[in-house]
Amino acid sequence: MPPGAIGPRVILLDALGTLLELQPPAPLLRVELAGRFGLQVSESQAARAIAAEIAYYRAHLDEGRDEPSLRALRRRCAEVLRSALPADRLEVDPLAEALLASLRFTAFADVRPALTAARSRGQRLVVVSNWDASLRGVLAALGLAPLLDGILTSAEAGARKPAPAIFERALALAGAAPEQAIHVGDSLEEDVAGARATGIEPVLVRRDGGPAAPGVRTISTLAQLADLGVPPAAGP
């Protein structure tokens, strides 16, 4: 990083694909179904069922705004899962528990060092994610919540990326103007287009080492955030 480099005061961060990865859920679902219910399903059956549930969840995740609505959303997801499995007689609530046990998130190895380094540079960190209200619990369980200055989900904001409204809420949470922030994410449609529509510079994460997107600052690891510089000293 060159001496005197100037960088963003605020870093907005996507969650899934940027900070977190989902462990392959179909094998875990097979284990949960066998252990809890004695139900044996094939790999392809588990994969089809998980795909159906994920598709439903993605379409309805904003309905999980608080604990009661989140429980109701999870029950509906379990019903979708049940309809895609040879499991018509399974009760929904135990199946919802099996589903949750199959969805395991881990933080990428570069996340904690990058967040810690950003905080040491005086940058504020706010997660902005299309997720239900459970994201805070996920980040807390992984020990990342204390490193963040804010967490905003689409379910709580009432808008999902790429809508400018969720980015505007995040900027207000961080106390920053668009030109003082960058948004880091792995989706051209949700993260890059959404940030630009709000006047925020996007940074695309390509963890697979894929080619840079034309006209978009692209990184392969969050360690490269340090190359963007440090925020200027606050005025009097």
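Tutor: Contact means heavy atoms within 4.5 Å. Keep that in mind for this predicted model.

Student: Among contacts between residues at least 6 apart in sequence, what share joins residues at least 24 apart?
Tutor: Take the contacts in the protein whose partners are at least 6 apart in sequence. Then pick out those joining residues at least 24 apart. Their share is 65%.

Student: How many helices and strands does the protein have?
Tutor: Both kinds of element are present in the protein. The secondary structure comes to nine helices and eight strands.

Student: Why is the protein called as compact as a globular protein of its length?
Tutor: The globule rule gives 18 Å for 236 residues. The protein is close to that, so it is as compact as a globular protein of that length. Its radius of gyration is 19 Å.

Student: What box do the C-alpha atoms fill?
Tutor: The box is taken along the principal axes. Its dimensions are roughly 65 × 35 × 30 Å.

Student: How far apart are the centres of the positive and negative side chains?
Tutor: There are 25 positive side chains and 27 negative ones.

Student: Does Ala 34 count as buried, partly exposed or exposed, and which class is it?
Tutor: Ala 34 lies in helix 1, residues 25–37. Buried means under 20% relative accessible area, and exposed means over 50%. Ala 34 has 27% relative accessibility, so its class is partly exposed.

Student: Which residues does Ala 34 touch?
Tutor: Leave out residues up to four places away in sequence. Ala 34 then touches Leu 39 and Gln 40.

Definitions and conventions. Residues numbered from 1 in each chain as written. Predicted model: local features only at pLDDT ≥ 70, side-chain atom pairs only at ≥ 80, totals over all residues. Heavy atoms only, no water. Helix = DSSP H or I, 4+ residues; strand = E, 2+ residues; numbered from the N terminus. Rg over C-alpha atoms; globule rule 2.2 N^0.38 Å. Lys, Arg positive; Asp, Glu negative; His and termini not counted. Charge placed at Lys NZ, Arg CZ, Asp CG, Glu CD. Buried < 20%, exposed > 50% of the residue type's maximum accessible area, 1.4 Å probe, protein only.
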